[in-house]
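Keep the structure open as you read.

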Amino acid sequence: MNTPAESLVTRPLSLPPMPQVAAELLSSMGREEIDVSTLARKIAADQALAAKTLRLANSSFYGLSTKVATIQQAITVLGFRSVRSLVTACAMTSVWPQQPGHPPLERFWLHSVAAGAAARALAMATRRDSELAFIAGLLHDLGSLVLASQFPAHYQKVIEAIEAGAPSVQAEQEILGMDHAQIGGALAEHWRFPPSIREAVAAHHAEDGSGGELGALVAGANVLAHCLAGERSTGEEGPAIMARLGLPPEALDLVMANTQLAFGPLKNVLLSQA
């Protein structure tokens, strides 16, 4: 009988397709010439996606003083880069939606949204690209969903091992023969994510700096998201994250405050079933 790792290689995966609009938006990162009007029309044509994006744009996540009613207006007020990250987030969370009563998926999305918020807060504190960091943080654990959906029985054992105190990567390697960061990197390549996001996803547990600056942000955001959920202590891990990113220890309070402020509206919109 094949091991899960062997099965992943020898049989085709039943992965959901990348939403077309999200694929175009992600591919536009790093390009200087972008037909914003055409992309805006494509976003607006998907009524459910456009509605969700506008809900998030009008939430306290951005704190606009005036309400935006159309995607084009949102681009005018927030800028294309901000709207691109909002649309991508809304599209990607619709691929594998949160499922009430399904604890692993609920836990996954709550952590992912918190990591996206934390990555954005860290990027703002270090004067890096906050929108790119937000998307990378939100998507950093996609490999977990692949493993859970492809091998539910095996992954239940992984969850039990993690709940017993085992590090996630160690539990996955021992039970599945692979880990979610490896699979996430492969999925990011399959979906043609920008190289910086692919590297950050694949290396967010690495300690060798192979994920680059964005990978370091996402690694820190991953830990802070666990802290936000009460699963780890900022007192123990926060100062080390600040030091790795070149921030003073006292910056942690502001980063965590901004993460918490963003987490509420992000969770309410991105994880809603409407």
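The protein chain has 16 helices and 0 strands. Both are DSSP runs numbered from the N terminus: helices are H or I with at least four residues, strands are E with at least two. The model is predicted: local features need pLDDT of at least 70, side-chain atom pairs count only at pLDDT 80 or more, and totals for chains, interfaces and linings use all residues. Residues are numbered from 1 along each chain as its sequence is written, and side-chain values use heavy atoms, with hydrogens and water left out.

Of the 274 residues in the chain, 50% count as buried. Buried means under 20% relative accessible area, exposed over 50%, and partly exposed in between (1.4 Å probe, protein chains only). Take the contacts between residues at least 6 apart in sequence: 66% of them join residues at least 24 apart. A contact means heavy atoms within 4.5 Å.

Now the helix pair. Two packed helices are described by the angle between their axes and the distance between the axes. Helix H12 (residues 180-190) packs against helix H13 (residues 195-202) at about 165°, with the axes 7 Å apart. Axes are lines fitted to C-alpha atoms, for helices over the stretch in contact, and angles run from 0 to 180 degrees between N-to-C directions. H12 and H13 are therefore roughly antiparallel, a label for angles over 145 degrees. H12 supplies Ala-181, Gly-184, Gly-185, Ala-188 and Glu-189 to the contact, and H13 supplies Arg-198, Val-201 and Ala-202.

Next, the aromatic rings. Rings of Phe, Tyr and Trp (its six-membered ring) pair if their centres lie within 6.5 Å; planes under 30 degrees apart count as stacked, over 60 as edge-to-face and the rest as tilted. By this rule there are 4 aromatic pairs. In one of them, the ring centres of Phe-61 and Phe-134 are 5.8 Å apart and the planes lie at 40°, so the pair is tilted. This pair links distant parts of the chain, 73 residues apart. Phe-61 sits in the loop between helix H4 (47-57) and helix H5 (71-78), while Phe-134 is in helix H8 (residues 130-139). Both Phe-61 and Phe-134 are buried. Together with Tyr-62, they form one aromatic cluster.

Trp-191 and Phe-193 also make a tilted pair, at 6.1 Å centre to centre and 35° between the planes. Trp-191 is buried at 7% relative accessible area. Phe-193 is buried as well, at 2%.

Conventions
Parallel < 35°, antiparallel > 145°, perpendicular 65-115°, else oblique.
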